[in-house]
Amino acid sequence: MLLEARDLEVRYGSVRAVRGLSLQLAPGEIVAVLGANGAGKSSLLRALLGLTRAHAGKVAFDGNDVTRWSTSARVRAGLVLVPEGRRIVMGLTVQENLLMGAGQRRDSSAVQTEIEQVYQRFPNLAARRHASASVLSGGEQQMLAIGRALLAAPKLMMLDEPSLGLSPRLANEVLAHVRDLNRERGLTILLVEQNTQRALEIAHRAYLLELGQVLRQGPAAEFAADHSLLDAYLGRGQAAQRPTPAQLTT
Amino acid sequence: MLGQQFINGVMLGSVYAMVAVALTLSIGVLNFLNFSIPGLFMIAGMATWALIHAGVAWPLAILGALAITAAVSLVVERFTWRWLRGAEPFVPLVSSMAFLLLFEHLAIAWWGSEMRVLPSLFAGTDWRVAGFVIGVPQLVGLAVSIASIFGLSLLLKRTSMGRSLRTIAEDSDTALLLGVDVNRLVPVVFALAGLFAALAGVLFALNYRQVQPFMGEAVGLKGISAMIVGGMGSTWGAIAGGLVIGITEVLSVGYVGANFVDIAVFGLLLLILFVRPTGLFAGLPAGRGGI
Ligand SMILES: Nc1ncnc2c1ncn2[C@@H]1O[C@H](COP(=O)(O)OP(=O)(O)OP(=O)(O)O)[C@@H](O)[C@H]1O
Ligand SMILES: [Mg+2]
């Protein structure tokens, strides 16, 4: 297992955001984490990265018990987050934002090559490399957030709602990039996504969270087939995304 | 006469500017109005006097004063920042004020409250250029201030540490999640701010040759004003603000009279803020004047 969380517990005062949650990821997997607003998805990712202190439980990453490690040590080990809301640094240029991703690394020639690779993957960023990041559109900001995470030499990339606020076309584009990263480089991915249908299309496995607990887990295909489950627990108009009978029969 | 006054004003202004840069670093990166900085300014001035008085050669006395002050700033970091993390935002501010008072009274207990006079180390080295008199410490001091502020802006703009500091300045949670070791960088900010306050204190001591335990208060007030007039959080603004205040102060001593200095200085500040409420350099993008 690349990542293994056991009996994780996150509390904010009296709110128990994550309750004894366990989760595993094997190398090369895309795992989707689904759940309604407030189910504890972001809290889970933040606790895995050590940004929010876990009150109980253990986190093992890449063969090490990282439960007591600082966030910067976890990032150096290759555990990297593309955060909710992208969190681009607006006072820096596009290129400086990418360099912030590489901030912990010493191999500067490899960093230069990888920056160029990010620009090849996301040509919109290349055109604005020396512009302030504040001129980027929402979609470009999301690409930059992913590029920045790539510069940290990730072994596991965690993405928190990367398609939030994007048009359906851009959302598909972002998720296609995520799938490509997995296919081309074997990058392991933990994907929190509100766009359940698309997330299940690219994921191998999924966890469904409710009130900070795992309600169900299994192969993504099983989830995708079980519409009543998704309707009942996600409650975000999933019915609208359900294929029409006509599509099902073809 | 006017030209000479102007030169003197620039010199005084550069002292204010360095104090304002120290305050700006703290506000800009940590969002912390650090009232211990005028105290650090005083410690550097008093330490310069005390070391020279004790017979230490002046170059060593300067280095000693800088080192002592930076070290004291790290102690302040422990008490106002590290151990108070998670406290209400005004708690570090209040505890840094307590440090200012503590430093002043420790200085009185240690060195007494009277004005101390430094020996004239550079007598007879004045330069006379086109009728102006420029003291060597003035000139060197000005060069050192310009170089150190330039060095700071290069550090912020070009280095990996500078990028991290600018990221912390914008959003420290983002810095953390990108793997920046914020706890390692906060002492760096305190040490840098301490060094700028110390440089200002040493320059003041060598140029005006008079130090006493409360010397930080007036300078601190003008440093804060310089920072606000320049536009909070902008290093170039802090410098511009410091120079405006220094020049106004010296010119008003010469032309209006010593009793009206503060009226002229703070009247002008109010006027500037009235016309430009955000200060002279507010809103500059980071790395170009902004921190
Ligand atoms: N900093 C915080 N302080 C207090 N409570 C919090 C904090 N962050 C989250 N919570 C609470 O913890 C619970 C889980 O929140 P979390 O953000 O992890 O959910 P989420 O699944 O990511 O939701 P969303 O889909 O809206 O992003 C919620 O009840 C939320 O109100
Ligand atoms: Mg969330």
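**View 1. Phe99(B) and Phe103(B) are both buried.** Buried here stands for under 20% relative accessible area, exposed for over 50%, and partly exposed for anything in between, using a 1.4 Å probe and protein chains only. What you see is a predicted model, where local features need pLDDT of at least 70 and side-chain atom pairs pLDDT 80 or more, while totals for chains, interfaces and linings use all residues; side-chain values rest on heavy atoms, with hydrogens and water left out. Residue numbers run from 1 along each chain as its sequence is written, and chains are lettered from A and ligands numbered from 1 in the order in which they are written. Phe99(B) and Phe103(B) are four residues apart in helix H4 (residues 90-111) of chain B, so about one helical turn separates them. Helices (H or I, at least four residues) and strands (E, at least two) are DSSP runs, numbered from the N terminus. Look around this pair and you will find one aromatic cluster, made up of Phe79(B), Trp83(B), Phe99(B) and Phe103(B).

View 2. Rings of Phe, Tyr and Trp (its six-membered ring) pair if their centres lie within 6.5 Å; planes under 30 degrees apart are called stacked, over 60 edge-to-face, and the rest tilted. Over all chains, that rule gives nine aromatic pairs. Phe41(B) belongs to helix H2 (residues 36-53) of chain B and Phe204(B) to helix H8 (residues 182-208) of chain B, so their pairing ties together parts 163 residues apart in sequence. Phe41(B) is buried at 0% relative accessibility, and Phe204(B) is buried at 16%. Back in the pair of View 1, the ring centres of Phe99(B) and Phe103(B) are 5.5 Å apart and the planes stand at 45°, so this pair is tilted.

**View 3. Four strands of chain A form an open antiparallel sheet.** The order is E2-E1-E4-E5. Its edge strands, each pairing on one side only, are strand E2 (15-25) and strand E5 (64-65) of chain A. Strands count as paired if DSSP finds at least two bridges between them. Strand E1 (residues 3-12) and strand E4 (residues 56-61) of chain A are antiparallel, with five bridges; Glu4(A) has Ala60(A) as its bridge partner in E4(A). Helix H1 (residues 41-49) of chain A lies across E1, E2 and E4 of chain A and runs at about 115° to E1(A). For that angle, axes are lines fitted to C-alpha atoms, for helices over the stretch in contact (heavy atoms within 4.5 Å), and angles run from 0 to 180 degrees between N-to-C directions.

**View 4. Ser42(A) and Glu84(A) hold the magnesium ion (ligand 2) as its protein donors.** The donor atoms, OG of Ser42(A) and OE of Glu84(A), lie 1.9 to 2.7 Å from the ion. Ser42(A) is in helix H1 of chain A and Glu84(A) in the loop between strand E6 (79-82) and helix H3 (94-101) of chain A, so the two tie together parts 42 residues apart in sequence. Donors are N, O and S atoms within 2.8 Å of the metal (3.2 Å for Na, K and Ca), and since water is not among the atoms, sites may look incomplete. Ser42(A) is buried, at 19% relative accessible area, whereas Glu84(A) is partly exposed, at 36%.

**View 5. Strands E9 and E10 of chain A make a hairpin with two residues between the strands.** Strand E9 (residues 205-210) and strand E10 (residues 213-219) of chain A pair in the antiparallel sense through six bridges. Leu211(A), in this hairpin, has a positive phi near 50°. Opposite Leu208(A) stands Arg216(A) in E10(A). The charged end of Arg216(A) sits over the ring of Phe223(A), 5.2 Å from its centre; this needs NZ of Lys or CZ of Arg within 6 Å of the ring centre and within 35 degrees of the ring normal.

**View 6. Ile134(B) sits in strand E3 (residues 132-134) of chain B.** At 14% relative accessibility, Ile134(B) is buried. Neighbours within four places in sequence aside, Ile134(B) contacts Ile7(B), Asp126(B), Trp127(B) and Leu139(B).
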